[in-house]
Amino acid sequence: MRVRAYMIGVVLLACLMLPGAGAFAQDGAGEQEKKQCLKCHGEQGSVKKFPDGDFVSTYVDAHALDMSVHRSLRCTSCHKEFTNQRHPDRAFRNKLQFRIKESHGCRDCHAEGTIKSRAIHEALFKKEAAGEAVVCTNCHSAHAVTHIAGGNVSKSEEKYCLRCHASEKKMVFRSGESVSTRVKLAELQGSPHRNVGCSDCHFGFSSEEHPRRQFRSERQYRLSSSEICRRCHFDMYTKAAEGIHYAMLSVGKLEAPTCIDCHGGHAISSLGNNRLAVVQKCKTCHSEVYEVYARSVHGGALFKENNKDVPICTDCHSSHGIKDPSLPEFHDTIPDTCSKCHSNAVLMGKYGLSTEVVKTYLTDFHGVTLGLYQKEQKESPERYRPDRPMAVCTDCHGTHGIAAVSGAGVQALKKTLLKRCQTCHRNATENFPDAWLSHYKPSLTNAPLVFIVEQFYKIMMPLMVVGLLFQVFLHIWRYLVNR
Amino acid sequence: MVYREMSDKVEYIRRFSLYRIVEHLVLIALFVVLAVTGLSQKFHALGISQSIIIALGGVDSVRFLHHVAGVFFTALALQHILANFSVIVFRQGEPSMLITVKDAQDALHNVRYYLGLADQPVMCDRYSYKEKFIYWLILLGGIQQIITGFILWFPVAATKYLPGQFIPAAKAVHTNEAMLIFLLMAIWHIYDSMFSPEVFPLNKSIFTGYAERRPETQEKNSGNGQG
């Protein structure tokens, strides 16, 4: 007691000496307070017992506390009922009630709005609204609380989970299939999720809970696992939900890929920077397209030169909101897709390609009509009923097997052009493809007839306008003079 | 001075028959439809063009209207050519629209008049060289528009007989000639029949059929009004 009274005196003195020190700054008084509390709580072995026989250790790891984000707080900042003089004996029904009560203290500083802004907490709030208990310390721990980015939460959880999941075990499905439940730590640590805790993804699992789940098949399990991702990656999930793969899933085509099929599970990768890997991923299901693409001018440059400028699957099809390429809406946006690169003068300059190809298309019949169709669709979608599809880049050049339009490529393209024209213009004859000037501007060597007509009017039109205006002017002038 | 004296005793002459009046009214209607539906396609990037196209129900509807008006214009042009051809062949009227040597002389005279080298404007025949110029430009330009228009409407059929390059060439002709005719109308015809001091605010003769006898013309009262 004497010691305690002495300590109180010291604390009070310290408070007087540092009147400006804030509650959050670790001052001498705070240090003293901590020291005093740790006198008892720093000792291992003491516990708090509950009526149901359960207990909780009252030990506080001083080192963990010093390393925590709350190191500058006083003990009484969180444990508000306690002071240097008061140490109330509190009664709890059980350990859970104790932990819930303690968790409430967190909300005094961490406003609900701030916590809610983290996608990971969204489900917890729903749970809480439904009357279930939510305990902050389940994930964040109590005295050893660290920044999420610091990874301490996940690290401790990892250790806990990996006690079983580091070894080879199997999860067996009703279909008889099975998957390994082994998690390779190295994979996890190499992934962008290295600071995410196990239970952040495996929601419902913790050191206390490990629900047993039953799946019909491995595919069912994987589909269910993909649902996890949306809790944090809701934007991507929404995009994917509008895409063709999700549409396939929703009509029961379970082979359609979901998040983890492309991104992987524990060894997750964003794929974004590895363009070759993206193409390889798509190949898993679209091997025929892959073969054709690999022989194309774009695919060839990717595989032979590792050229980063050429488009890969996702550049044209997008990655998450992949549209059904057989739909008119997709077809009609192809000129926009191609022009992303082909109207970029710097990029095209590198390969000696002209950006005129886009301009000449857009100013010709097909391009103009398509542009107006898109405008109509935007302005009055309910009235938009185009008579017929308009030819776009791929209708002449092909899609995945697109070839270079130089040297032998020109002849090859010309040979197939009539057939391509006949897709829409059924009775087109040999002369017909020449109606399209192949992206060339008319000149004396290319389409001289068109060039001459244009030049004729270029001279005639201003001459006529000036002549007529001159006539009008003279007429008025003479009239005024006569008056 | 000359005009004022003349205006004291206005003398009306029958200039156009009902047939010509109706023909001109139909031509105005078709010209407006063709110009609106055609120029909005030519200047498709302009906001006003796009508003017109959307208001008319989209580019397909605009093209449909243009084609329908084009067919009527073709019919109008054909009947005009045939009717006048028969008039000339069967000598039922005078070929007053044919360009003569006098027209060239009149034009030269008027240039001199405008430059102050002649005191009086020229006395033209029933139709002045200016009216003939615009008439032939519209008629020949119209025929050109009809031919190129049909080529553009049916490119597959056209390329059975013509080289492919004729399609873009026909387009160049069609779009430029349209602009030329439009400017001719907008600048000259509207001035000549509306804003010209002699007729301001409007020369109603093509709508009423009667015209004031003007000093510039030696027009006689033509009984049948055909010409």
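How are α6(B) and α8(B) oriented to each other, roughly parallel or roughly antiparallel? The views below take this up, in a predicted model where local features need pLDDT of at least 70, side-chain atom pairs count only at pLDDT 80 or more, and totals for chains, interfaces and linings use all residues. Residues are numbered from 1 along each chain as its sequence is written, with chains lettered from A and ligands numbered from 1 in the order in which they are written.

**View 1. Helix α6 (residues 129-153) of chain B packs with α8(B).** Their axes lie 9 Å apart at an angle of about 150 degrees (axes are lines fitted to C-alpha atoms over the stretch in contact, and angles run from 0 to 180 degrees between N-to-C directions). The two helices are therefore roughly antiparallel, the term for angles over 145 degrees. Their contact has 14 nonpolar, seven polar and four charged residues (Ala, Val, Leu, Ile, Met, Phe, Trp, Tyr, Cys and Pro count as nonpolar, Asp, Glu, Lys and Arg as charged, and the others, Gly among them, as polar).

**View 2. Chain B meets chain A.** Look here for 33 residues from chain B and 40 residues from chain A (contact means C-beta atoms, placed from the backbone, within 7 Å). On the chain B side, α8(B) gives the most, with 12 residues.

**View 3. Helix α28 (residues 448-482) of chain A comes alongside α8(B).** Here the axes come within 9 Å and cross at roughly 5 degrees, which makes α28(A) roughly parallel to α8(B) (under 35 degrees). Among the contacting residues are Y457(A) and M461(A) of α28(A), and L180(B) and W188(B) of α8(B). By class, this contact has 21 nonpolar, one polar and one charged residues.

Definitions and conventions:
Contact = placed C-beta atoms within 7 Å. Helix = DSSP H or I, 4+ residues; strand = E, 2+ residues; numbered from the N terminus. Parallel < 35°, antiparallel > 145°, perpendicular 65-115°, else oblique.
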